[in-house]
Amino acid sequence: MSTEPTTIFVCTVCRQGDDADSRPGQLFFEALHQRLAADAEPTLRVQAVECLAVCKRPCTVAFASAGKWTYVIGDLDANSHVEEIIVAAKGFAATGNGIVAWKERPACFKKGVVSRTPPLGLDALKN
Ligand code: FES
């Protein structure tokens, strides 16, 4: 198990369709922040950000940790996916390289994954 902390970045400025007043990402961030504060989970932290460049697939989050692949996940709903994202992030945190086995990924992670980006210094032959 990796001891590096995992950050869940959450885009808080996504809008739902043409509704200028909707802030689904802000709702997702607040729900996740509240849930993690209640859980006192020391390996996960949540960080609000403005745009992850996946604006047409709100809500959007990214998992990142030193020395690991970074995953961007979209199509999330604050009412139904917060617990799945916590499970996914804990799975990510438990890996040495950030790659979570497909069969261990919650449904929203499988369906919503947008991209993965290698860590700096990756030795491609070993990953
Ligand atoms: S505004 Fe949320 S990803 Fe761009």
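Predicted model: local features only at pLDDT ≥ 70, side-chain atom pairs only at ≥ 80, totals over all residues.
1. **The α1/α2 pair.** Two packed helices are described by the angle between their axes and the distance between the axes. Here helix α1 spans residues 24-39. It packs against α2 at an angle of about 60 degrees, and the two axes are 10 Å apart. Angles of 65 to 115 degrees would count as roughly perpendicular, and those under 35 as roughly parallel. The pair is therefore oblique. The crossing of α1 past α2 is right-handed.

2. **Who touches whom.** From α1, the contact takes in Phe28, Ala31, Leu32, Arg35, Leu36 and Asp39. Facing them in α2 are Val82, Glu83, Ile85, Ile86 and Lys90. By class, the contact residues are seven nonpolar and four charged, with no polar ones. Among the charged residues are Arg35 and Asp39 on the α1 side. Glu83 and Lys90 are charged residues on the α2 side.

3. **A cis peptide bond.** Most peptide bonds are trans. The bond from proline 58 to cysteine 59 is cis, with omega near -10 degrees. Cysteine 59 sits in the loop that links β2 (44-49) to β3 (61-64). Please look at this bond in the structure above.

4. **Positive phi at alanine 53.** Most residues other than glycine have a negative phi. Alanine 53 has a positive one, near 65 degrees. Its place is the loop between β2 and β3. Is alanine 53 buried or exposed? Its relative accessible area is 67%, and the cut-off for exposed is over 50%, so alanine 53 is exposed.

5. **Positive phi at aspartate 75.** Aspartate 75 also has a phi near 65 degrees, again a positive value in a residue other than glycine. This residue belongs to the loop between β4 (70-73) and α2.

6. **Glutamate 104.** Where is glutamate 104 found? It lies in the loop between α2 (82-94) and α3 (107-112). Its relative accessible area is 55%, which is over 50%, so glutamate 104 is exposed. Phenylalanine 92 is 12 residues away from glutamate 104 in sequence. In space, their C-alpha atoms are 10.0 Å apart.

Notes. Residues numbered from 1 in each chain as written. Heavy atoms only, no water. Helix = DSSP H or I, 4+ residues; strand = E, 2+ residues; numbered from the N terminus. Buried < 20%, exposed > 50% of the residue type's maximum accessible area, 1.4 Å probe, protein only. Axes fitted to C-alpha atoms, helices over the stretch in contact; angles between N-to-C directions. Parallel < 35°, antiparallel > 145°, perpendicular 65-115°, else oblique. Left-handed = near helix turned anticlockwise from the far one by under 90°. Contact = heavy atoms within 4.5 Å.
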